[in-house]
2 protein chains.
Amino acid sequence: MLHNRPRDLQETSEPNRVLQAIRQIVSEGLLPSDGRLPTERHLAAELEAGRASVRRALDTLEAEGLIWRKQGKGTFAGQPPDPTEELAAQIASDVDPLSAMEARLCIEPALADLCARRATADDVARLRKLAERTHDAEGSDSAELWDGALHRAIARIAGNRLMLTAFTLIDEVRMGDDWQEKRHRARTPETRAFYDAQHQKIIEAIDARNGPAAANAMRKHLETLFDNLRKSMEDRP
Amino acid sequence: MLHNRPRDLQETSEPNRVLQAIRQIVSEGLLPSDGRLPTERHLAAELEAGRASVRRALDTLEAEGLIWRKQGKGTFAGQPPDPTEELAAQIASDVDPLSAMEARLCIEPALADLCARRATADDVARLRKLAERTHDAEGSDSAELWDGALHRAIARIAGNRLMLTAFTLIDEVRMGDDWQEKRHRARTPETRAFYDAQHQKIIEAIDARNGPAAANAMRKHLETLFDNLRKSMEDRP
């Protein structure tokens, strides 16, 4: 393709010519199987261009999400792999539903505390909306999705990147397909009404910007979930 | 190398011959830059052997830690990358020392609680040893290493894989070189004596298998560290 470069590409400015050429290399998949691009120096030589033009083109393509840079490794086509997902996949086999619930009980009360200290009025309105959706949901599947979104929103509003990553890690492991049935069995109309009331208490405490009360309400909620999960696992081992 | 195969390799059994051939390919680095091995089918054809022999050889080399398999991606020479490290590197730039300390305050009291509930007599003896080493250490660097080992041991004894991973993630981010100076400034002879006494209290509570007391002692310790870190950052902004 590069040998057969159309005339108009030759007449455009160097930065534009370089950008279009590299875009072509990436989009036509003219790369090794690991998607790694040639180095800046190689690209500059190959395209008979300055390194500044090459760097600018790479910046543009990175901003567009077509390539990504891995420190010390080079530049690659496509999106960076999500390391949280990879880590979750790696440890999933060492985690069972009860120990995942134990981990939630370790971190979610602390997240609710931080959330209460940092939530804006908009944040609280969003939490109320999610609690409503959880309440109105028809069927366990849908209720679980909204319920998950509510807990995730609390973790996000807490505003600590490391804690959000820890939350996401636990969330990804516990959403593993194997456990869905166990969770669904623990979600009956009676438990759902109870969980809804507990969600309300958590949100009230957050709205009152009362961190310790939010942490306590979250702890009680998770302990209820923990008990019900244990029961549902004992019923049908 | 394969063309020049020594005579004795030809006379040995097929599984052994295949194992030695693949070991040679891996150890002599006759692989593309990403370290990916040819597929089982390719190896079988190239080595004129059955796929069962190839699979057995790969199992052996994997058990020896010379190669690793990545689901859906193939087989690679060397050790699998540590996804916790990759994740820590990815989020490190979004984390500052104070928010890392906030994350520690969220999870380490819960880890101390679990640790107190699960520690064996041997575990407690190991914690005492690490506290002693921290106390006896000459210089901030050495004290910090032993101190870190003590906190890590508590996280490990807590016995929850997800929480240990969350702890490791925070630990890797906060050990980033940029912050070392700030941490060292917060470690004077006076603060060290105080931290040692706090470590003792944590270990006493763990030894008494008193989860809530261990969590409280850990919380107080981390709050002291948090205060001193804040002060040392204010002194020289």
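The model is predicted.

Chain A contains 12 helices and two strands. From the N terminus, the order of elements is α-α-α-α-β-β-α-α-α-α-α-α-α-α. Along the principal axes, the C-alpha atoms of chain A occupy a box of roughly 70 × 45 × 35 Å.

The chain is split into two domains. Domain 1 of chain A spans residues 7-77, and domain 2 spans residues 85-235. Their C-alpha centres are separated by 44 Å. Strand E2 of chain A covers residues 74-77, and domain 1 ends at residue 77. Helix H5 of chain A covers residues 83-91.

Burial, contacts and surface were computed for the chain as a whole. Of the 237 residues of chain A, 45% count as buried. Among contacts in chain A with a separation of 6 or more, 70% join residues 24 or more positions apart. The accessible surface of chain A is about 12500 Å². Carbon and sulfur atoms contribute 50% of that surface. Chain A carries 35 positive and 40 negative side chains. The centres of these two sets lie 4 Å apart.

A:Asp82 sits in the loop between strand E2 and helix H5 of chain A. The relative accessible area of A:Asp82 is 34%, so this residue is partly exposed: the value falls between the 20% limit for buried and the 50% limit for exposed. A:Asp82 and A:Ser13 are 69 residues apart in sequence. Their C-alpha atoms are 36 Å apart in space.

A:Ser53 belongs to helix H4 of chain A, which spans residues 51-63. A:Ser53 counts as buried because its relative accessibility is 10%, and buried means under 20%. Beyond the neighbours within four places in sequence, A:Ser53 is in contact with A:Glu14, A:Pro15 and A:Val18.

In chain A, A:Glu48 lies between helix H3 (40-46) and H4. Its phi is near 50°, a positive value in a residue other than glycine. A:Glu48 is exposed, at a relative accessible area of 70%. In chain B, B:Glu48 lies in the loop between helix H3 (40-46) and H4. B:Glu48 is not a glycine, yet its phi is positive, at about 50°. With a relative accessible area of 68%, B:Glu48 is exposed.

B:Leu58 lies in helix H4 of chain B, residues 51-63. B:Leu37 lies in the loop between helix H2 (14-27) and H3 of chain B. B:Leu58 is buried, at 3% relative accessibility. B:Leu37 is buried too, at 6%. Outside four places in sequence, the contacts of B:Leu58 are B:Ile22, B:Leu37, B:Glu40, B:Leu43, B:Ile67 and B:Arg69. On the same terms, B:Leu37 touches B:Ile22, B:Val26, B:Leu31, B:Leu58, B:Ile67, B:Thr75, B:Phe76 and B:Ala77.

B:Leu58 and B:Arg23 are 35 residues apart in sequence, with 9.0 Å between their C-alpha atoms. B:Leu37 and B:Val26 are 11 residues apart in sequence, with a C-alpha separation of 8.0 Å.

B:Arg117 is located in helix H6 of chain B, which spans residues 97-118. B:Arg117 counts as exposed because its relative accessible area is 54%, and exposed means over 50%. B:Arg117 and B:Pro212 are 95 residues apart along the chain. The C-alpha atoms of these two residues are separated by 9.7 Å.

Notes. Residues are numbered from 1 along each chain as its sequence is written. Chains are lettered from A and ligands numbered from 1 in the order in which they are written. This is a predicted model: local features need pLDDT of at least 70, side-chain atom pairs count only at pLDDT 80 or more; totals for chains, interfaces and linings use all residues. Side-chain values use heavy atoms; hydrogens and water are left out. Helices (H or I, at least four residues) and strands (E, at least two) are DSSP runs, numbered from the N terminus. Buried means under 20% relative accessible area, exposed over 50%, partly exposed in between (1.4 Å probe, protein chains only). Contact means heavy atoms within 4.5 Å. Accessible areas come from the Shrake-Rupley method with a 1.4 Å probe; for residues, only the protein chains shown count as cover. Lys and Arg count as positive and Asp and Glu as negative; His and the chain ends are not counted. The place of a charge is taken as NZ of Lys, CZ of Arg, CG of Asp or CD of Glu. Domain bounds come from an automatic or database domain assignment.
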